[in-house]
Amino acid sequence: EQISGWLAKNTNTTVSHEWIYQHIYTDKRTGGDLHKHLRCQKKRRKRAGDYDRRGKIPNQTSIEERPELVEKRARIGDWEADTIIGAGHQGAIVTLVERKSRFTLLKRVRRRTAVAVENAILDLLAPYQAVTHTITFDNGKEFANHQNIAHQLQADVFFAHPYAAWERGTNENTNGLIRQYFPKGSDFSTITDAQILFVKERLNDRPRKCLDFHAPKMVFSLYPSGCT
């Protein structure tokens, strides 16, 4: 759909997404590797009891108090944050996704500690502080320093309900896209900054159906203080 939609919007070529799938599967039957670029469609397993075991982070502000315009994606500057964990819980990738544009920022941390994650978020959002109004986290303890993050960025911070991944659906979906490049079981200690940059650019230059087949980078750059 991304290829078909982009071609229809930007060229005079019309190709149905079903034809593209058939081409990929024909290629696979003849020994080709186009199918390896398809996104995996695996069911996510609920991590029962995770939040209960980790305890509650003090001084949280519930997502219920988040302004309605954030839910409506009415502006640029409302972010969702999460971490993707490497094999053996060794290392993690901090992910930030802007809700309206789907513009994505990534940074690898050696340890998923509150200090390391705080520093990563501040580094990632410092260039975009003018368009950082809110950040929505899950209940992972790596976000325990949320008050300092809010203070440094002059942003409002909110927490989703436990076991409610759909409340940060934009981030969850983006993490699924990232897993196409770094599947579960990947050793994050061997990932380079160049690889992280490559994935970030791939995601931000990717035409998205939800953006009328525009790329996140373009949508984000249309607004003041957006990316260049």
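Predicted model: local features only at pLDDT ≥ 70, side-chain atom pairs only at ≥ 80, totals over all residues.
One of the residues involved is Trp79, whose bridge partner in β4 is Ile135. Helix α5 (residues 114–125) packs on the sheet that these strands belong to, and it touches β1, β2 (92–98), β3 and β4. The direction of α5 makes about 145° with that of β3. Helix α6 (residues 146–153) packs on the sheet as well, with β4 and β5 as the strands it touches; here the angle between the directions of α6 and β4 is about 165°.

Zooming out to the sheet itself, there are five strands in the order β3-β2-β1-β4-β5. The sheet is open, and its pairing is mixed. At the edges sit β3 (104–109) and β5 (156–159); each has a single partner strand, so one side of each goes without a neighbour in the sheet. Going from one strand to the next, the twist averages 25°.

Then there is helix α7 (residues 169–179). How many of its 11 residues are buried? Eight are, which leaves the helix mostly covered.

How values were computed: Residues numbered from 1 in each chain as written. Heavy atoms only, no water. Pairing = 2+ DSSP bridges. Helix = DSSP H or I, 4+ residues; strand = E, 2+ residues; numbered from the N terminus. Axes fitted to C-alpha atoms, helices over the stretch in contact; angles between N-to-C directions. Contact = heavy atoms within 4.5 Å. Buried < 20%, exposed > 50% of the residue type's maximum accessible area, 1.4 Å probe, protein only.
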